[in-house]
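Please open the model in a viewer and keep the sequence panel at hand.

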Amino acid sequence: MSSLSTPVKVFGVLTTILLLIVVNPWYQIPDDQAQLRDIVTYGFWLSFIILLVLLFMERNKEGGQTVEIEGPAFTRFLFSNSRAGMFWLPIRLFLGFSWLEAGWHKFTGEGWMDGGGAILGYWNNAVAIPEAGRPAITYEWYRGFLQLLIDNGAETWFGPLITFGEMAVGLGLIFGVLTGFAAFFGALMNMSFLLAGSASTNPVLFTLAVGLILAWKVAGYYGVDRWLLPMLGTPWHPAVLRGRETGPETSS
């Protein structure tokens, strides 16, 4: 048995308990104990990160590479066969042009590249707590994060960061350059907008981005990734260092 088995179980149980305290609907930590709520929330994230690190360390242990439950043939084809790249191509282009248009609109408009007034107004509206009804932000930790950005004048650099980030994600998806990474950062921005209470097109874009992330090996096959991924290799098969080519599978 792996020497990390016990710590993994301990942090797995701890993370689960802390998460249940935070999200269960039957018991809420009273508002007058906000400090305790923050401790539990930060404790969850800390234990969760430690758990991920321990699981990552387990990957090279005996049995760590064993596939115990195989997925259906269709999903293996969809996420690992280069011929499925044609399925992901229109999805990739749709997301890519959506992000590129959004970034270009910010770049040529006002309030993003000239001091970040637009994003500051968005943050102020998001963190506001109305006298009646529900606030836009559900999670206090995210409201605290946005308030920290507001208090430190982060809009001056955050506006350009979002603008160029959206255009970079769009170009990456359109041309199929590191498609998985581009889709991940696109999904991260979608989730940020959703946490701030803005739905709009974010649920649809986020869902499609998750598909591209899962299909990262083949989603950019009809693009630059067709040559880039075999040249770069992957973290577990570095082609450049080992002199091997590791590209998307070509058979189901």
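Helices in this tour are DSSP runs of at least four residues, numbered from the N terminus. The model is a predicted one.

**The whole chain**

Begin with a cartoon of the entire chain. Its secondary structure amounts to eleven helices and zero strands, so that, by the DSSP assignment, the pattern along the sequence reads α-α-α-α-α-α-α-α-α-α-α. Of the 252 residues, 36% are buried.

**Helix H4**

Select residues 85–108, which are helix H4. How far apart are the end C-alpha atoms of H4? They are 33 Å apart, which agrees with the 34 Å that 24 residues should span at 1.5 Å a residue.

Next, show the side chains of H4 that are buried, among them Trp 88, Leu 95, Trp 99 and Lys 106. Gly 85, Gly 96 and Gly 103 are also buried in this helix. The buried residues of H4 pack against helix H3 (73–80), H7, H8 and H9.

Centre the view on Trp 88. Leaving aside residues up to four places away in sequence, Trp 88 touches Leu 78, Phe 79, Gly 211, Leu 212, Ala 215, Val 218 and Ala 219.

In soluble globular proteins, nonpolar side chains tend to be buried together. Select Trp 88, Leu 95, Leu 173 and Leu 212: these have the most contacts inside the largest nonpolar core, a set of 19 residues. Helix H4, H7, H8 and helix H9 (202–214) each supply at least two residues of this core. Which helix gives the largest share of the core? That helix is H8, with five residues.

Now move to Ile 137, Tyr 142, Leu 149 and Phe 158. These residues belong to a second, separate core of 15 residues.

**Two salt bridges**

Side chains of opposite charge can pair when their charged atoms come close. A search of the whole structure finds two salt bridges.

For one of them, select Lys 106 and Glu 166, whose closest N and O atoms are 3.1 Å apart. This pair links distant parts of the chain, since Lys 106 lies in helix H4 and Glu 166 in helix H7, 60 residues apart. Are Lys 106 and Glu 166 buried or exposed? Both are buried.

For the other, select Arg 143 and Glu 140, where the closest N and O atoms are 2.8 Å apart. Arg 143 and Glu 140 are about one helical turn from each other because they stand three residues apart in helix H6 (residues 140–151). An α-helix has 3.6 residues a turn, so residues three or four places apart point the same way. Arg 143 counts as buried because its relative accessibility is 8%, under the 20% cut-off. Glu 140, at a relative accessible area of 44%, is partly exposed.

Helix H7 (155–175) and helix H8 (179–195) are the elements that give two or more residues to the patch. H8 provides the largest share, four residues.

Pick out Phe 181, which is in helix H8. Phe 181 counts as exposed because its relative accessibility is 54%, over the 50% cut-off.

Most residues other than glycine have a negative phi. Where in the chain is Leu 178 found? Leu 178 is in the loop between H7 and H8, and its phi is near 45°, a positive value.

Finish at Ser 200, in the loop between H8 and H9. The phi of Ser 200 is also positive, near 50°. With a relative accessible area of 64%, Ser 200 is exposed.

Technical notes:
Residues are numbered from 1 along each chain as its sequence is written. This is a predicted model: local features need pLDDT of at least 70, side-chain atom pairs count only at pLDDT 80 or more; totals for chains, interfaces and linings use all residues. Side-chain values use heavy atoms; hydrogens and water are left out. Buried means under 20% relative accessible area, exposed over 50%, partly exposed in between (1.4 Å probe, protein chains only). A nonpolar core is a set of buried Ala, Val, Leu, Ile, Met, Phe, Trp, Tyr and Cys residues joined through side-chain atoms within 4.5 Å. Contact means heavy atoms within 4.5 Å. A salt bridge is a side-chain nitrogen of Lys or Arg within 4 Å of a carboxyl oxygen of Asp or Glu. The expected span of a helix is 1.5 Å times one less than its number of residues.
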